[in-house]
Every structure is written in C-alpha cells, then in structure tokens.
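Here are my notes for anyone opening this one for the first time. Have a look at it, then work through the points with the view open.

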Amino acid sequence: MIHAKYKTGLVFFPAFDWAISPTHPEREERLLYTQDQVFEEGLFDIEGIEEYKPDLVTVKDVQRVHFCVPDVWNVMTESHFISAGGAKTIGMAVLDRQVEKGFALVRPPGHHAMRVVHGARGFCNVNIEAIMIEFLREAYNIDRVAIVDTDCHHGDGTQDIYWHDPDTLFISIHQDGRTLYPGSGFPNELGGPNALGTTLNIPLPPNTSEDGFLYVIKNVVMPILEDFKPDIIINSAGQDNHFSDPITNMNFSAQGYAALTEMLKPDIAVLEGGYSIEGALPYVNLGIILAMAGIDYSKVKEPAYDPGSIRQTHSVTRMIEKTGEIVLSLWRQRERKKNKILKSKDFDERRRNIFYDTDGIHESQREKIRLCKNCSGAYKIDSTSDLGYHILAVHIPRKGCRECKELGYRWYDSTNEDNFDIAFLQDRTEDKYLEHDFRK
Amino acid sequence: MIIGLDVGGTHTDVVLLGTEGLIKEVKVTTDPSNLFNSVLSGLEKITEGIEPENIHRIVLSTTLTTNAIVQKKFPEVGMIVSGGPGLDPELFRSNRHYYPVSGSIDHRGREIEPVDSKEIKKIAKRFKKEKIRLVGVVCKFSVRNPDHELKIYEILKDSFEKIFLGHRISGNLNFPRRIATTFLNAAVYPIHKEFYEAVQKSLEKKGLVLPIRILKADGGNMNFNSSIDFPGQTILSGPAASVMGSVAFSSEDEDTLIMDIGGTTTDMSILINRVPLLDPIGISLGSYKTLIRSLDTLSIGVGGDSAVKIKNGKLQVGPQRLGPALAFGGPVPTPTDALFVLKEMNNGDREKSVNGLRELAKELRLSVEDTASMIFEFTCRKILSEAEKMINRINAKPVYTVHELQEGYKVTPKKILVLGGPAPCFARYFEKISDYKARAVPKWTVANAIGAALARTTCEVIFFADTQRKIAIAPAENFLINIKENFDSSDAVKNAFDLLRQKALQRGSDSDHLEMEVLENMQFNMVRGFYTAGKNIRVKVQVKPGLINGYDDIIVNLTRRS
C-alpha cells in the first residue's frame, strides 16, 4: 500500500470536447495521454490522493479579477468557467484543510490573461490562478500570496493583474523574452510604483536544463519567499520547459519538474502550458503529483530521457547565475526604490499596446494610478480595441484607503456616453462590481 | 423451471421459479466450513419431487471465493510484473513470489524496452523449484499492447498448470488493480474449479445435466466454463443477487435506492430506471482494489442484529454483531429487539427483549417502549444518512468533458426498496422519518435467490483503436487486428458489438434478447505538427444488466401474493 505523505487533492479536467481549433496545441487531445498515464498508475487509488469534481466559477468570481469587454459571456466559454472552477475547487479544498496540497490539472490555461480582457492571448482568456486567489482572499483569511510561474512563457497576464499589488509576490521563470512569446519578462519589470519589487522576472537562456532551473529555485526564489512570508504559495505549473516541447527551446525534464516541486513546496499548483503531449506531459504531471504528495518519484522518467545529452553548457550556467544575482539585488533594493518614486509624484501613467495573438485583436491602453502611502492605490484604465470598444475600467484595491476609494468612484461616475461605450468599476473593498453600458 | 440459489452468511436461500411464479422456496443453514454441503442440501431440497428435465437453468451465488480472499486462504502463486516509467512496481507486491522484471510499453502501446527472455526463464525455474503451478503475468499498459504478456506466456506456457494474463481481465487502465485482480484470479482458481466441478457432478448424478451458471458482482451471470478463466468475477455476488431481486419492483423512470438489511450489515445500491448502477472501475474487497466489474454498493456496519449500547450517554448501534437478537437467544440488545418491544415482530421471546432494553432505558431515563422507538429510529436514521453520503459520492464523481459536466446525470432517488431483515418494519420507519417512499420487496426473505435466478448474462467489451499505429485492440477478448487509416468510431462500435455478441453467447446469453449498449465512445484527432496524424478511438459497450426475458409473469404473481 502506498500512502501520500502529504494529503493531496487533484482536479483533473482534460476538457475532452473543447479546443481553440482542431489543430491548435490547445486541443482535445492535450491531456489524453496524461489521463492514460495517471489512470494506469492508479494514482486515484492511493491513500491520501483525492480527486475532486470542479465547480464552475461564478460571473462575480471573474469580475473580481477581470474587466471583460463587452461582458463575461463574450470572452468565456463553458470550458473557461470549469477550468477556473477547477482551480477554485482545489483552492477551497486546501484552505478548508481537506487536503494539504492541491493540483488543478485543468485546461484551458490562463496566465497570459490580463486585467482587461478583449479576447484570447497566448491560448488564455481568463486568468484562472488570479480568479482562484481573489476568491480565496474573499472567502478565507489569507492576505499575502506568492505566485511562482514556472511556465516556459513569461506569465505576462498574471504580472499585469498583480502589477500594482504589494501583497502578491509574482515571480516568473521563463525562457528569455528575446527568444520566445510573449517577448516580455525582463528583470527590470518590477511592478508599479505602489508595489515595486513584488513582481520579479527571471529570464533563462534557451537550453537551460535541470541544473539551471533548480539553481534558480534554490538560490533565488526560495530566499525571496522566505523574506516575503506568504500565507500560501501558488505554482503556475506550465510544463513547456520540457526538452521535447514543440514550441519552446528548453531542456527541462520530468525528474527536474518533480525536484522543483519538492523544493518549492507549493500549496497549490495550477497547470498552465505544455504541449509535448505524449513525450512530456504524462511523465511531468505524474512527477509533479508524486512530488506534491511526498511519494517516491525516482522512477518517473520519460523514455527519451538522457540527462547527459541535455545538460546545459557552462555559458548557460554563468548567464543564469548572473541573472540570479541581478534579481536578488533588485529584491533587496525594492523598498528604497519604491520610496523614492512615491515621493516624486502623485500619479503615475503608462501607455501600452497589447496584442491578442490567439484572437488577433489589438488593444491600446492608458493607465493612471494614484501613488498612495496608505494603500496600493486606485487606478483606471482607458482601453480601446480594434473590435471597436472604448471602455474605462476603474480598480479600487482590496485594502483601498478612503481617498482612493472616493477617487475611484469619481472616475467611474464621470464617464458618459460621449466618452465611453462601457464603464467598469471593481470595488475590491466591498467586493462590489459595477458596470454601465452606455450603448444601451 | 429455474433454480436460483444464494449463499448468505447465515442462510442459504433457494427458490424454484416457473413461468407461473414462485413454485417453491427453501432456506437451509449455511455451514461456512462446508459450503459444498450447504449448496447441495439446498439444491436437494428444492428439487425434491421435481422432474430433472423440467429444470432448464440453475444460477448459483456463493461466498466461496469471497471467503477465500477475506481469509487469505491462497495457494502459492507466481507473479511476473513489468512496469517501466512511473511508480515502482514493488509498491504493488501482491504476494511472496512476486518478481518485477525489465521490459516496458508506453501509453500509446509502443515498446520502450523489450522483454528479457533469459530473465523470465530464470524466474520460471525458481517457480518450478518452489512447486508453483499458477502464474500471473502483468505488464503496465498491456491493454494498449499485450505483446509483452504474450511473449512471457510463450516462455512459460508448457511449464505451469494455468497462467493468467493481465490484459485478459479488463480493458480498463489501472496497473496496480490489474496486478491485484490477476493475482486473485490465480489464487481462487483451484478452489473455484474444484467446488463447481463437484456441484456439477452431484447434479449430474441426479439427472440434472445442464451447465450451471454463476452470479457475478455486476448482477449478471456466466456459465461455469467461462468462469474458469475469471473466477475472481464471482466475488461479492451476494449484494448483486439482492439488487437483481429488486429490479422488477423499481420504477422505470425514477431512481430507486435498494437496502438489503442483513444481521451484521446493510448493503445499499442504486437502480436508475431499473438498471443497477455499476462501479466505474471495479470492486474492492478487503485490501484488494480490483478491476472486477461490479455494482456500486456500499456496505455499512448497521444491521438487524447490530449490538446496541450506550457510550458517554449516547446511543450506539453497530458496527459489531455479537450474536442474534435477545429474543432469539442472543447476548445483547439489538434493533430487532426494539421491534419485539414495539410488537412489530412476534416470532421470538419478547420478554427477553424487554428485559434487555430495560437496562438501556434506565440509563436514558425513558420508558422501555420509548427506548425501543429511539433505538429503531436511530438505526433507520443512521442507515439513511449513510445512503445520502453514498448518493453524494456518486454525484461527485469527476467527469472529463464539458458536456458531461453540464448535462451530467444526478442521482436523486425518491423511493426505497427494502429486503432482508424485517423489511416491512424498516420500510414503514423509513417513510415515517424521511421523504422517501419505501416498501418491502415482495418475497423479501428470498428475493436475493429470485434475483440470482432471473439475472441476465452480462459482459462488457472495451475497444481501443489507434489509426496512426494502424491497430485496433480489445485486450480482454484476445482481439488484435490491423486497421486502415480511415477506420473510425462507428467501425469501432460495430467491431465492439460483434465481439460483445460473441462473448455474451459464449457466456450463456439468449441470442434473441441481447440488450447491448454503448457506454463510452470517444474519438480524438491526433495532431502532430499541424496535421492530423491519426485518430485515437476509445469505445466501451456492454450487455445491460437486467432480468432475463419471458419471466414478467413471475413478477406479477409475486407482487400479487405478497
């Protein structure tokens, strides 16, 4: 008899009847072989591994995180409600202490979905981790959350959502943005002025293998987590760093993913990308589940695994060590830098153009945030897309102060049919979500 | 005429059925140390004065293999197991002579590492030295490609009495369960074979020359010949017998909860539109999790003879049974005694029940009658609350498609059928304390034997095709063919139905009334690069569990008389 050392909950939702398009990497078949492996290993029979049926998220759960344009139903399919719901189900199982650890093995993924959503980016429509986290913050007594994104692609959506939140530490480890979609995620992306330093990016050179990933977790991520002292640790567990992944250039392995999981000890893992559906996913998922549950994973090796042939070069090792030093020093300087900016002005603005590669939508954004000493600051986003929508989205943070709250409502109330199609307000202090559709 | 026989822990029930109804019923005491005598004396009594040629069907449900497994009375079995990437096969060790070997197959059925025939021969030698005659061979993913199991079989086949291959048990994926089930099949094979051959011989001596049928855990039967390769399928057929005995009295368009209230336990199960709900993977018995198809049943430690006591001021019923009720000379008060006190039952010594409950009444500061009411209501509530938990568990079963999650069937029984125990009393109380409609199954004391008699022959076929690898396989049917690229799921269903028909007839089905259905039909496009490289097809079909055709009148008559 096998016993899990840590009671572990799993939501397995492969969405066998949902695809972005028939030949898209994000298609019905993606978790088929993972299911076969997980079933054949008899994982759900192991004492201490519990399988949960996903609940659906509610519209409010989505509105708590996103401004969906024109509305929630237009940017989500049933599968997104279930996928985000799977993460939520696992989050609840962990915080209700039914299990110690949880893994949402769901699709479609979410880490490229940003605060404002006009459509799908990088196979993602809504951010399933963020929807889970904000639900958990509302329903349970948790405050500080750390998200470690180990997908090969920069988690730019999660970064965007938590850009201004000093209570959420977001660390993304990914293939260098100069060589891979979405092209962002450099160490100098540190978060907005009110939350400087709680966004951290660790780009790794192509061909990074086990040594590099584990070095970064051990020497960079773990010390930072120790400083930050999160209430829970979430792992955005993308599996596309695998040496056999067809759309990336890294050299990670099932053994490596399992060791990473063992080191990071996430409370909750959520599946993100990973498109080597035969050669990697069945073994990587198995390795992650066993590592989470504290069961021996030493024999989980993909048939093509040959550690010698994928070992990283010395120059890769040196680059990784250098990046690690930079990130650590940025982390140490964060308070000083933040205070300097906060003293310099009352508002901060940024303009951005965002491309939704999956749906082919161009969005342009103007964002304005109040720099605030008492809270993480109200902000508004003026967004237009080439679908023809022009919206204003106002966010009042969870611990928003009175001034920021009043400012948020003033911004929201000053919109009219002359300047916007739709105005949205997220009042996280009261868990209240308003919208005014001026087209009606 | 049909004979149905069900061996229970205390009684062996036997019925003789004709088209006109229940002709005869017999109860004999079960002697656990000599089941053969119990079965034979039951059969003798029921056939007394009946012309052998009038009997055309005999179905037996016994506890033979179940007991052997629970008591671990096993012969030595040699197990050869190959794993490959994943959990260490050593973790699934079934017995002493258990040998993990090299060789592996991946999830698509491709060979990763070949069988090492030298290694196998060495182990075979060791088995011979240990005088092992029964061998089990199980490889991971053998249901995707049985090649390794077959290669090992070729090496061993002339040296052992019987060899059990993992892929022949079930097409379902679950390596640890495949190991356990293969081991159990091998381990109960000798006792099963010996027992039923002896029964068959005794019947022949009486002039009853017809193949006996044996009830399975899924509520269907198979003939003795088919059972020889899969004796494990006969475990836990008792609960299945009871459920089949209730089928005819359940609603056609509603879910029904079946409660078989025994002395020690209550077994519960669900009928959906008269079809029993099956366990999605396989039955568990003791520490063994198996791939044996079975009804989804829950057994709880509350029954008519459960010991009643007060612990820390609180009433406690079960889980132990220390003997029969006080009214029948037992040692401690039981729910049955409560029924005596309440004058719901009268075929025993009520005085003893009253005396026994008096002690409890004192402690509870209630009258003896109120105490009895409390005990019985408490027992009924406990059973109902466990039933609710079972229903919740069934409804919480994960699904893997958006469609199923949205349209998924929710089990919501509104009716309870009770058998065993003093069924009518329980039925009345269930109605009183809940919103369920409850009634006792007609002829509730022998409904289990009637169920065994009237159960259909059932089986399933799991079919898998991979058009990129150009193979189609139904592992348990010993079926493997090469297919063309244009093979699709409708071809798969057609093939699966053909195999199912063959299998059902071989197991003893009536060819005119085969109710076959598709349980699962999934087809995935396998895309490599930007092109569809093939289709991955998974089909599961079954003969629907239910009652044999042409005995509707029996049911009508049973209802009329009770």
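**Notes on the two chains**

1. Start with the overall size of chain B. A compact globule of 562 residues would have a radius of gyration near 24 Å, and chain B agrees, with 25 Å. That radius is taken over C-alpha atoms, and the globule rule is 2.2 Å times the number of residues to the power 0.38. Along the principal axes, the C-alpha atoms of chain B fill a box of roughly 75 × 60 × 50 Å.

2. A word on ground rules. This is a predicted model, where local features need pLDDT of at least 70 and side-chain atom pairs count only at pLDDT 80 or more, while totals for chains, interfaces and linings use all residues. Residues are numbered from 1 along each chain as its sequence is written, with chains lettered from A and ligands numbered from 1 in the order in which they are written.

3. What is chain B built from? It has 15 helices and 27 strands; helices (H or I, at least four residues) and strands (E, at least two) are DSSP runs, numbered from the N terminus. Buried residues make up 51% of its 562 residues. Here, buried means 20 or more other C-beta atoms within 10 Å of the residue's own, exposed means 12 or fewer, and partly exposed is in between, with C-beta atoms placed from the backbone. Of the contacts in chain B between residues at least 6 apart in sequence, 64% join residues at least 24 apart; a contact needs C-beta atoms, placed from the backbone, within 7 Å.

4. The bounds come from an automatic or database domain assignment.

5. Now find helix α5 of chain B, residues 175-205. Its 31 residues reach 44 Å from first C-alpha to last, close to the 45 Å expected at 1.5 Å a residue; the expected span is 1.5 Å times one less than the number of residues. Where does α5(B) kink? The kink, about 45°, lies at Tyr189(B), shortly before the proline Pro190(B). The bend at a residue is the angle between axes fitted to the seven residues ending there and the seven starting there. Just after α5(B) comes Gly207(B), with a positive phi of about 90°.

6. Next, the contact between the chains. Chain B puts in 35 residues and chain A 38 residues. On the side of chain B that touches chain A, two or more residues come from each of α5, α11 (402-407) and β26 (516-528) of chain B. β26(B) gives the largest share, five residues. By class, this side of chain B has 19 nonpolar, nine polar and seven charged residues. Nonpolar covers Ala, Val, Leu, Ile, Met, Phe, Trp, Tyr, Cys and Pro; charged covers Asp, Glu, Lys and Arg; the others, Gly among them, are polar.

7. Chain A is divided into domain 1 (3-326) and domain 2 (348-437). Their centres, taken over C-alpha atoms, are 27 Å apart. The two also touch: 25 residues of domain 1 of chain A are in contact with 28 residues of domain 2 of chain A. On the domain 1 side, α2 (59-63) and α5 (128-139) of chain A each supply at least two residues.

8. Why call it largely enclosed by the rest of the structure? Because 10 of the 12 residues of α5(A) are buried. Among them are Glu129(A), Glu134(A) and Arg137(A), along with Ile128(A) and Phe135(A). The cover over the buried residues of α5(A) includes α4 (78-95), β6 (145-149) and β9 (232-237) of chain A.

9. Check the peptide bonds too. Val69(A) and Pro70(A) are joined by a cis peptide bond, with omega about -5°, and Pro70(A) sits in the loop between β3 (67-68) and α3 (72-75) of chain A. Another cis peptide bond joins Gly318(B) and Pro319(B), with omega about 0°; Pro319(B) lies in strand β20 (residues 314-321) of chain B.

10. Two residues have a positive phi without being glycine. Ala15(A), at about 45°, is in the loop between β1 (3-13) and α1 (32-40) of chain A, and Lys72(B), near 50°, is in the loop between α2 (64-70) and β5 (77-82) of chain B. Which is buried and which exposed? Ala15(A) is buried, with 26 other C-beta atoms within 10 Å, whereas Lys72(B) is exposed, with 10.

11. Last, Ala476(B), in the loop between β24 (471-474) and β25 (479-482) of chain B. Ala476(B) is buried, with 25 other C-beta atoms within 10 Å. Leaving aside neighbours within four places in sequence, its contacts include His167(B), Arg168(B), Gly171(B) and Ile462(B).
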